[in-house]
Amino acid sequence: MSSEVCSGIRVLDLSEGPAGGLASMVLADFGADVLKVERPGGDRFRHLAAAPMWLRGKRSIELDLRNGAGRERVLRLAGDADVLLSTFRPGPAERLGLDPARLAELNPALVQCAITGFGPVGEFARYKGYEGIVAAKSGRMMTFAGQPQRDGPVYAYVQVGTHAVSQAAVQGILAALLVREQTGRGQVVTTSLLQALMPYDLGGLTIQQLMRRFPDQFPGDPWAAFGRMPTLQYQPVLTRDGRWLQLGNLVEHLFHAFIATAGLGDIYADPRYQGAPNQYDDAAREELRDRILLRMREETAAHWMELFVANGNIACEPYGSTQHALEHRQLVHNGSVLRVETKQHGPMQQLGPLARLPQTPAAPRTEAPALGEHQDAEWRPRPDRPAPASPPSMAPRPPRHPLEGITILEFASIIATPYACSILGDLGARVIKVEPIGGDPMRGMAAGAGASKTTASKESISVDMKAEEGREVVQRLLRHADVLVHNFRPGVPERLGIGYEDVRRVRPQIVYVSASGYGTDGPDAHRPNAHPIPGAALGGAVMQAGGPPALVAPEDLQGIRELSRQLMRANEVNPDPNTSVVIASATLLALYAKRTQGVGQHVQCDMMTANAYANFDDFVHYDGKPERPPPLPGLLGLSALYRLYQTLEGWVFLAAPSDTEWRALADTVGCAELLADPRFCTAAARAEHDAELSTELEARFARRSAEDWERLLTEAGVACVRADACPPSVFFDQSPHVLENGFVTEVDHLRWGRLWRTGPLVSLSATPPAPGSGVLAGQHTRQLLRELAFDADAIERMYAAGVVASELP
């Protein structure tokens with residue numbers, strides 16, 4: 001076993017809040033020496049329930065960067081650091097003398113990572129980067145419109161932007177460190193909450209363009225159907241004891257396993273129920289839905305779960321809270337829940353490591369520092385780095401892109417793992433997607449546009465891996481691979497001849513990534529998984545639905561149907577991209593270990609752990625921990641000063657949680673008299689009288705339009721944006737701010753021609769990413785076979801035998 005991945009890496013953490021906090025926590029868990037510099041009084045997000053977790057493993061220094069002594073101390077530390085992490089809005093770093101040019105001159109090897117709300121330039125660059133503000137402005141809150149029975153945008157509860165941007169920062173830092181191993185020089189890494197929300201628009205930007213260019217083929221948004229009742233495969237169901245279960249059987253054989261186990265197999269005598277469930281006509285589908293809902297009401301949740309788990313081919317989990325998920329047997333088995341004793345909070349449960357890297361494992365230091373606890377701290381001595389078993393060859397020139405020269409083989413389908421590989425492809429890796437004949441099932445979704453995001457920046461080969469010649473194709477591909485990524489359940493890779501030990505015999509230093517639903521071993525490892533499953537089990541969907549009161553059992557079938565609709569709207573696709581960003585980070589950790597220590601290894605990621613990270617704000621428990629705040633009635637937000645308001649025309653989202661922001665808000669909206677009102681003069685009083693404050697502000701916001709309030713309050717230093725202007729697909733399609741920041745890029749698609757796509761999650765100044773187009777199934781089959789030294793006759797024979805295939809434009 002080698003040392004931790006980031007052993008010897010020094011991280012100067014100037015960030016505030018959980019976005020930077022989670023990023024530096026991951027680096028600290030894997031061995032980095034993290035010095036956290038805090039403003040006088042401390043990080044202003046230290047009061048958050050999860051702060052003792054994301055502060056762990058760091059040392060704290062309290063400094064005032066506005067005075068010379070504080071700045072000089074930071075500059076001295078930066079001179080010997082490897083990474084500097086910040087969350088300044090554009091402008092303050094320059095005013096403090098901590099601008100990138102000065103830091104690079106001081107320490108040319110320094111990797112500087114900046115996390116912002118909206119990006120470094122553009123009309124929204126100086127907007128405050130609260131997640132609710134970025135989500136509202138970019139249209140994410142419109143994706144939930146119609147979930148409750150009211151008009152307008154809906155608060156997006158799970159902090160997916162914070163989760164994804166923290167992982168983007170980890171990815172950018174590791175990518176820059178990999179480049180530094182070849183060049184000796186650091187560079188500037190930038191990411192933003194706005195970029196971090198791009199993964200959650202799955203194909204929407206593509207569909208907007210196709211609707212304009214091919215109106216006959218795309219007369220409307222094909223994703224719109226998902227706003228009505230759930231698909232039968234993803235149906236939430238209510239049991240006899242009043243508990244809700246979430247089904248997740250998208251793949252046809254899993255759905256049929258559910259039907260059989262539920263005792264509904266008689267439907268197959270009806271010709272309407274032949275084939276896949278998405279082929280049933282409307283009447284047949286709704287009739288079967290009612291039968292499923294009524295049948296599930298006949299037994300308890302425990303009864304059904306015992307049957308489903310024993311079957312092994314049915315994806316299902318109960319809806320529950322994040323606190324309940326801390327006891328999930330598979331998460332505990334995976335080490336995703338740490339049970340520790342801390343000085344400040346006593347016994348504590350908190351997030352475990354991001355992924356399992358057995359050769360260079362994480363060793364989280366679970367104690368959080370008190371403010372200024374290490375006031376006189378200096379960098380720890382660097383440990384001796386183990387020499388790589390086979391030193392990397394020197395590149396003949398600096399890489400053009402961060403992962404240039406890395407070849408990744410992807411054996412994966414649908415969203416989570418394929419999109420993770422697209423993230424790595426965007427960073428310059430050569431990603432070869434190995435697909436079955438007929439292609440990844442994702443290609444059948446949204447009239448083919450669904451795969452535009454999950455096949456981006458790749459080459460594709462379609463091959464029958466069950467055929468002898470097909471296995472030979474795969475073996476030849478393996479000889480050139482640096483990384484293999486798959487999302488099969490345990491046992492399947494071995495049957496296909498691509499298990500870890502099989503691959504390691506061909507490529508001893510392979511980075512082999514198993515990205516599974518539950519894990520590679522343990523009590524639930526054999527079970528299938530899909531995005532609604534961690535959504536239900538990890539607590540996010542419950543809170544998006546309105547909190548535990550939303551799960552009250554309706555009395556009649558119509559009520560069950562309606563609540564199941566609301567639950568599935570709440571349980572949207574975010575668990576897939578939540579997992580994608582974790583897989584990408586774990587792969588980069590392993591690549592850095594391979595580059596610096598010469599070790600390959602079997603990396604293990606799973607959807608459950610990834611979504612525990614996405615629910616970081618409540619995936620922690622200790623005595624006295626504040627409760628996870630439920631959303632306000634109507635899913636408007638969390639409090640009077642962090643919520644949606646209807647205006648004279650349109651809706652706004654307001655974020656004014658601090659005393660300074662409250663005072664500026666009251667002055668601007670015309671209720672300055674409330675500043676002296678005992679109900680609202682302190683934060684504690686405002687919390688106690690939150691409903692009354694909401695009523696006061698509702699009346700004020702109703703006097704002007706959303707556009708007026710955004711302009712007036714932004715000028716006053718208060719975060720407030722229009723929340724109902726458009727959905728994310730239209731925002732990314734039409735916003736000049738997005739274009740100015742380079743957050744979209746134009747690519748050539750073989751079938752659809754020139755298209756704009758959302759850009760990479762992170763930018764690197766010296767070695768920029770290389771985002772590519774989505775590809776067709778087998779688009780590169782013939783080219784790759786020639787590259788693998790198959791002659792023309794062999795290639796034609798394989799095509800004729802159906803061993804390989806290529807989708808036509």
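Predicted model: local features only at pLDDT ≥ 70, side-chain atom pairs only at ≥ 80, totals over all residues.
Residues count from 1 along each chain as its sequence is written, local features need pLDDT of at least 70, side-chain atom pairs count only at pLDDT 80 or more, and totals for chains, interfaces and linings use all residues. Side-chain values use heavy atoms, with hydrogens and water left out.

**Select the whole chain.** Color by secondary structure and you'll have 32 helices and 26 strands (DSSP runs: H or I of at least four residues, E of at least two, numbered from the N terminus). The radius of gyration, taken over C-alpha atoms, is 26 Å, close to the 28 Å that the globule rule (2.2 Å times the number of residues to the power 0.38) gives for 809 residues, so the chain is as compact as a globular protein of that length. Its C-alpha atoms fill a box of roughly 80 × 70 × 55 Å along the principal axes.

**Now show the buried residues.** They make up 61% of the 809 (buried is under 20% relative accessible area, 1.4 Å probe, protein chains only).

**Zoom to residues 659–669.** That's helix α25, whose buried residues are E661, W662, A664, L665, A666 and V669. What covers them? Select β21 (651–655), α26 (683–688), α27 (690–701) and α28 (706–715), which are among the covering elements.

**Last stop: G670.** Just after α25, G670 takes a positive phi of about 85°.

How values were computed:
Buried < 20%, exposed > 50% of the residue type's maximum accessible area, 1.4 Å probe, protein only. Contact = heavy atoms within 4.5 Å.
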